[in-house]
Structures are given as C-alpha cells and as structure tokens.
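Let's walk through this fold together, one contact at a time. Have the sequence and the model open as you read.

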Amino acid sequence: MSLIKFNNRRRLFPSWTNEGLKNFLSSDDFFNNDFFEEDSLMPAMNVKEHDDDFEIEFAAPGFNKKDFEVTIDDNILNVCGEKKHETEEKEEDFTRKEFSYNSFKRSITLPKSINTDQEVKATYKNGILKLNLLKKEEAKIQQPKKVEVI
C-alpha cells in the first residue's frame, strides 16, 4: 500500500485529500437523500390484487397491534400507527426521563370495486400490517366455466 505525504503527514488513503472530502460532503446527493425527506418516515406499502380481494401490506416494525387505527371513510382507507414509550428513573439527587415517539398516517383512495361496507380483516405479524379488503361480488374475477361435451 502506498502512502502519500500531505501537509507533512503521511496519509493512508491517498485519494482522500481535503478537496476530495469537501467535494463529497458538499454534493447534493449526500445531503438530499431520502433520509431527509418527510416521506422516508412513511412505511413501505405493497398492494396485491387477487380474484376475491386486495391484500395491502405496510412495513411497520416495532409497533404492536394496539398501536394501529384502520378506518374506511368515503372510499378512503386511512392507516395510522402511533407508538409512545416513556421511562423514568428517580434517584436521590436526580431524575432521568427518556421517551420516544413514532407515528405515521397513510391514506389511500380505494378502487370502486372494493366492498366498503365490509368488516376489514387486519393482521400484524413480524413487523408487517396486512389488510385484506374484499371486492364487491360483481367485481370478482370469474373463472371460466368448463362445459362438459357429450
């Protein structure tokens, strides 16, 4: 491995001069990535259409079943998650409090084929909130009937 001398010091990484590091840290991509976007706090979502229903999954690790509220209002599905955690430690001469708060809300306009009068089935397992929304009878994909030839 070759070392270069920079300001009378040897450097292990010759390509990282002060100018190179400054250019890297000042690049738009470094400071404008998804981490700094508000949408990065939204859980990822998958939608799968089946013959009889739609399956919608939200990646929401770290929550519990009781942390979710799911509603359908005027053909809009609203999924909210809110988790609060607080701890307090008291000693003779000090008190230490820690808390964390995570929340999200996603709203999706449902297709007209969804039966909005239904009871929504929701499950939460391994960090995934899964909803199954049934289709209206007339919207279900009909399998072709086989006709017996005689």
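Phenylalanine 104 has a relative accessibility of 8%, so it counts as buried (buried means under 20% relative accessible area, exposed over 50%, partly exposed in between, with a 1.4 Å probe and protein chains only). Keep in mind that this is a predicted model, where local features need pLDDT of at least 70 and side-chain atom pairs count only at pLDDT 80 or more, while totals for chains, interfaces and linings use all residues. Residues are numbered from 1 along each chain as its sequence is written, and side-chain values use heavy atoms, with hydrogens and water left out.

What does phenylalanine 104 pair with? Its partner is phenylalanine 63, in an edge-to-face aromatic pair with 5.7 Å centre to centre and 85° between the planes. For the terms: rings of Phe, Tyr and Trp (its six-membered ring) pair if their centres lie within 6.5 Å, and planes under 30 degrees apart count as stacked, over 60 as edge-to-face and the rest as tilted. Phenylalanine 63 sits in the loop between β4 and β5 (68-73), and phenylalanine 104 in strand β7 (residues 95-109), so this pair ties together parts that are 41 residues apart in sequence. Strands here are DSSP runs of E, at least two residues long, and helices are runs of H or I, at least four, numbered from the N terminus. With 11% relative accessibility, phenylalanine 63 is buried as well.

In total there are 4 aromatic pairs by this rule. Phenylalanine 63 also meets phenylalanine 68, with centres 5.5 Å apart and planes at 35°, so that pair is tilted. Both of these phenylalanines are buried. Ring pairs link Phe63, Phe68, Phe104 and Tyr124 into a cluster.

Now for the sheet. Its 4 strands form an open arrangement in the order β3-β4-β9-β8, with antiparallel pairing (two strands pair if DSSP finds at least two bridges between them). At the edges are β3 (45-49) and β8 (121-125), each pairing on one side only. From one strand to the next, the twist averages 15°; axes are lines fitted to C-alpha atoms, for helices over the stretch in contact, and angles run from 0 to 180 degrees between N-to-C directions. Strands β4 (residues 53-59) and β9 (residues 128-134) pair over 7 bridges in the antiparallel sense. Within that pairing, leucine 129 in β9 is the bridge partner of phenylalanine 58.

On to the charges. The whole structure holds 8 salt bridges, each being a side-chain nitrogen of Lys or Arg within 4 Å of a carboxyl oxygen of Asp or Glu. Arginine 96 bridges to glutamate 89, with the closest N and O atoms 3.1 Å apart, and also to glutamate 98, at 3.1 Å from N to O. Elsewhere, shared partners join Lys48, Glu55 and Glu57 into one salt-bridge network. Is glutamate 57 buried or exposed? At 14% relative accessibility, it counts as buried. Its salt bridge with lysine 48 has the closest N and O atoms 3.7 Å apart, and lysine 48 is partly exposed at 37%.

Finally, look at alanine 139, in the segment after β9. Alanine 139 and aspartate 52 are 87 residues apart in sequence, yet 8.2 Å apart in space, C-alpha to C-alpha.
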